[in-house]
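Keep the sequence and the 3D view open as you read.

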Amino acid sequence: MQVKLSDPIESLKGIGPARVSVLKKKNILTVSDLLFYFPRRYQDYSQIIPVAKLKPGQVTIKAKINNARTRYARRGIVLTEAIASDTTDSVRIIWFNQPYRQKSLIADQEYYISGQYKLSRSRYSLTNPVIEPVGAMMLNSARIVPVYPESKNLTSLVLRKAVAAALDYVPLIKETLPPDIVDELNLMPLSSAVKAIHFPENQAELDTAIKRFNFDELFPLLLANELNKRDLSTTSALEVRFNQQLAKKFVSQLPFELSDDQRRVIWRIYLDMQQPVPMNRLVEGDVGSGKTVVAVMAAVMALAEGFKVAYLAPTELLAKQQYETIVRLLKPLSLSENAVFLSGSLNKKEKQQALKTINLLSSAFIIGTHSLLYSDVNWSNLALLIVDEQHRFGVDQRMELKKHSQHLPHFLSLTATPIPRSLALTALSDLSLSRLVTMPSGRQPIDTSLVAPSSFDSFLKNLKNEINNGRQAYIVCPYINPAPDQDKKISVLETYAEYSRLLPKLKIGLVHGQMSGDDQESVMRKFYLNEINILVATSVIEVGLDVPNASVMAVYGPERFGLAQLHQLRGRVGRGKHKSYCHLILSDASDPNIRLRSFAQISDGFRLSELDLKIRGPGAVYGKLQHGKTGMNWLLLDDQHTIRLCRQAIEIVLSKKLDLLKYKDLAQQVKDAQSLTYLN
Ligand code: ADP
Ligand code: MG
């Protein structure tokens, strides 16, 4: 039978069913997943030190082990002691609570012994070292040893063994870069780099592998950036004059004072829009930081000039919500008639009516989802395009707009989730970034707590309290169906049933991705209208839902969500004047991991995303490439060497007119990156 990278990990030799299930919990399903699950750091055990020369620290010796004894010490600790000797001297080894050690030691066998050499019980000893019989392929000692992102049952020891078993598959890894680039830039071929990132022969080899992956991360971005730049170098935008009176009037009608950050950002946008070249500005502001009003202020200027504005939301429901908000904001300026909701959900007649309105007005503010770009609107005087949650905007849409006009609109993209990649781009290209750092005043911080099983009742009390006070709650679960090997409480269906039983008098709604789009919307709509008290949902509610009356967010199986995702979920509450709560419902009584503990303490999305990268390490970051998502290591911003290599590679691609479509993964990454960069 032919082996493939897509083979399930079960097919690897020496990985038992228990290990397989632990790996699967980490989403490592195939051999390829395993090979692209990268270490987060390394321990250098490559120097073999004669025992006589040992100094405190992490060390490796090559020695025989004798005189092993196991006994019970105080407080129920099992102590195994032994003596390791090489030709120079002997040293004591201590293992705590590893009674199997004594039996497994083989007399006269030479071992590599790696671990901490330190003062223990008044003598220098090697404490809890890893030992490996001297043999062909060392995994845990006598080399630069990979340390993986670990969890309770998935230690680096297990991962090293599993990865080593998968190394036979490495030659099957196809090169993702054109040979011209690999050769001319002297890059390490992908398959060698994968092997070296796990088990490098030496530091130099490891450095070369890391260089290769840094290149892979940055190159699609910079190439996309360059392609976009060329593509757009000839395009112009409509100049939008600044009308001070109008701006003043708008601000004076707001029910609140603009924050300093909002003022600063809108001012930058006004400067950009007065230019005849398309603005390309990304506004990053945490959930609830008030991006909408900034966008609407930009729109107002364009409307006053008789131009069109389009606003794209990621979902129909959000588009509808934003439409209502926008109408409210435009009313005092007598511009609310100019706002038009246009979306796929409208029936034929409604759609015709909307199009008629748009074509009668010259300055329309058209609100909908991405599909509106394909509708029968004359876009030739589109001055401003606003995209909420920018990662969903693509090259194709841009091309669509170019069909209709020799102008491109000023582009304003709004996002709450900090994407290191786009931040990186702002440093490397002409994409401009504005950040709304401070929250509008008067916002109360959200109380985040970790709910252990023992405190579930007090959580429930808080939930009932809030609902009795007229508030609403979200309950989010990571899965739709209960799976046999999972804690059933983290499935939406089970949880829905449970809450229906626990709180029979309340109106409880259910929404998840397997429901039809219409059904999902109708449930969310009911929640929006306060016809539902508690909404049990999967992460479909993650982005954008704005229900200021909701004050409780409870997340089951929180360890199964990324920090950015949890942060988005938390951002669904605390949007109004009510004190709000986020409860992370833990599955068992064991200590929550550092991610969750930090999450409970940190409310700033930027800091959280930095932390996420730090905790998970580049392993998770690069590893994600395989799973269709990427994130850039922040360090790369300063990586002048990689940037230089990328520039050379771009030169090669363009001068040799390489056909990237032959390299499917790369082409896809470039395409994705192009949609991120949009304009230049
Ligand atoms: P997001 O940045 O997540 O899109 P929104 O624009 O929806 O946030 O704003 C969240 C809420 O904050 C809205 O109800 C909005 O009216 C309100 N808001 C915006 N700016 C301010 C401000 N400067 N002061 C008080 N409330 C504000
Ligand atoms: Mg928003």
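The second largest pocket of this predicted model has a volume of about 1200 Å³. A pocket here is an open set of points on a 1 Å grid over the protein atoms alone, where a 1.4 Å probe fits, with protein on both sides within 12 Å along at least five of seven lines; lining residues have an atom within 4 Å of a point. Of the 40 residues that line this pocket, Gly290, Thr292, Arg443, Asp546 and Arg575 are the closest to its centre. Helix α11 (316-330) is among the elements that each supply at least two lining residues, as is α10 (291-304). With 6 residues, α11 gives the largest share of the lining.

What takes up this space? Ligand 1 does. Around ligand 1 there are 15 residues, and Glu257, Gly288, Lys291, Thr292 and Arg443 come nearest; being near means having a heavy atom within 4 Å.

The table shows polar contacts, pairs of N or O atoms within 3.5 Å.

| Residue | Polar atom in | Distance to an oxygen atom of ligand 1 |
|---|---|---|
| Thr292 | side chain | 2.8 Å |
| Ser289 | backbone | 3.4 Å |

The protein covers 79% of the 560 Å² of accessible area that ligand 1 has on its own, by the Shrake-Rupley method with a 1.4 Å probe.

Residues are numbered from 1 along each chain as its sequence is written, while chains are lettered from A and ligands numbered from 1 in the order written. Local features need pLDDT of at least 70, side-chain atom pairs count only at pLDDT 80 or more, totals for chains, interfaces and linings use all residues, and side-chain values use heavy atoms, leaving out hydrogens and water.

Note on methods:
A polar contact is a pair of N or O atoms within 3.5 Å; within protein, one must be able to donate a hydrogen and the other to accept it, and residues adjacent in sequence count only if both atoms are side-chain atoms. A molecule sits in a cavity or pocket if more than half of its atoms lie within 2 Å of its grid points. Grid points are joined across faces, edges and corners, and a volume is the space filled by probe spheres set on the points. Helices (H or I, at least four residues) and strands (E, at least two) are DSSP runs, numbered from the N terminus.
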